[in-house]
Amino acid sequence: MTSDVDTAAVKPAAPVWRAHGGARRSTHALRLRASAALVGVTVLAVLLVPPLVQLDQQAVDLAAKLKPPSWAHPFGTDDVGRDLLLRCVYGLRVSLLVGVVAALTATVIGTAVGAAAGALGGRADRLVMRLVDTLSSVPHLLLGIFIVAMFRPGVWPVVISVALTHWLSTARIVRAEVLSLRSRPFVDAAVSGGSSRWRVTVRHLLPGVLPQAGLAAVLMVPHAMWHESALSFLGLGLPTHTASLGTLIQGARGSLLAGQWWPTLFPGLFLIVPTLAVAGLAGAWRERINPRRRSELML
């Protein structure tokens with residue numbers, strides 16, 4: 001009789017556990033769909049709005065300066081009467097270009113350095129990683145300012161600055177993954193079969209680190225956008241006449257102090273929302289390439 005009572009008391013726990021896991025999976029799926037939708041809207045806005053909207057984003061109308069949001073100007077106007085919605089879309093276009101190109105360049109550099117360090121090992125590995133540690137000790141923004149200061153303001157100096165200051169984390173990730181792959185049986189079999197170190201690296205080690213490197217590149221895009229915005233806000237990135245999210249926020253400082261909030265709010269939202277969307281997609285990717293972590297999250 002006692003065992004029957006104990007069994008009856010224990011049985012309801014299983015459906016509750018499954019329901020909890022189902023609710024967690026439902027929330028995860030909703031977050032993934034929302035992130036994908038935001039990324040899709042961002043890409044469509046960047047690609048379609050400039051050719052479809054036949055307006056000059058540099059057109060000045062002093063009679064309409066600092067107008068609050070309205071039907072004619074959903075995001076209002078800036079201090080010289082330019083439509084803020086159109087300026088934000090063009091600014092997102094430039095910031096996204098800088099972020100994507102810089103992230104891809106930094107990922108290529110970091111993957112090459114990390115793979116070489118992990119594959120060579122020994123003194124070469126220690127020398128490369130000490131170099132990485134030394135560069136990591138310098139703040140990214142400070143090093144980026146030093147690099148940008150050597151060029152005229154423009155898109156490509158910012159891309160070079162962000163790429164040369166953001167490959168360090170990717171190098172560490174790739175090196176750690178290469179060291180893990182070197183102990184796998186298929187690598188031992190390839191070495192025993194007479195494969196050279198170069199062939200083992202290209203045929204076996206690099207394909208194994210590509211998912212991690214790709215994830216690092218995706219996560220680096222919003223980080224590069226924020227870095228570009230910081231440089232432009234300081235007046236060291238893009239020229240002031242070029243619409244980027246950083247230059248828009250930098251140009252709206254005086255308006256914010258005067259009580260006009262929209263020239264600062266909407267460029268900031270155009271920077272924050274894509275960052276959250278990309279982070280959501282990257283989180284789903286991380287769980288996919290790491291099944292153990294995904295199973296732990298679903299419990």
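I started with α7: its buried residues pack against α3 (84-120), α4 (122-136), α5 (140-148), α6 (155-165), α8 (185-192) and α9 (197-233). Contact here means heavy atoms within 4.5 Å, and helices are DSSP runs (H or I, at least four residues) numbered from the N terminus.

Ground rules: this is a predicted model, where local features need pLDDT of at least 70, side-chain atom pairs count only at pLDDT 80 or more, and totals for chains, interfaces and linings use all residues. Residues are numbered from 1 along each chain as its sequence is written, and side-chain values use heavy atoms, with hydrogens and water left out.

Back to α7, residues 168-182. I looked up which residues are buried (under 20% relative accessible area, 1.4 Å probe, protein chains only) and got L168, T170, A171, V174, V178 and L181. Down the helix axis they fall within an arc of 145°, so they line one face of α7; the arc is taken over directions from the axis to the C-beta atoms.

Next, the whole chain. I find 13 helices and zero strands, and 38% of the 299 residues count as buried.

Last, the surface. I noted a nonpolar patch made of L38, L256, W261, L265, L269 and V273. Such a patch takes Val, Leu, Ile, Met, Phe, Trp or Tyr side chains joined within 5 Å, from residues with over 30% relative accessible area and no salt bridge (a Lys or Arg side-chain nitrogen within 4 Å of an Asp or Glu carboxyl oxygen). Helix α12 (residues 262-289) gives the largest share, three residues. L38 sits in α2 (residues 13-52).

Notes. Helices (H or I, at least four residues) and strands (E, at least two) are DSSP runs, numbered from the N terminus. Buried means under 20% relative accessible area, exposed over 50%, partly exposed in between (1.4 Å probe, protein chains only). Patches are made of residues with over 30% relative accessible area and no salt bridge: like charges are joined within 9 Å, nonpolar side chains (Val, Leu, Ile, Met, Phe, Trp, Tyr) within 5 Å. Accessible areas come from the Shrake-Rupley method with a 1.4 Å probe; for residues, only the protein chains shown count as cover.
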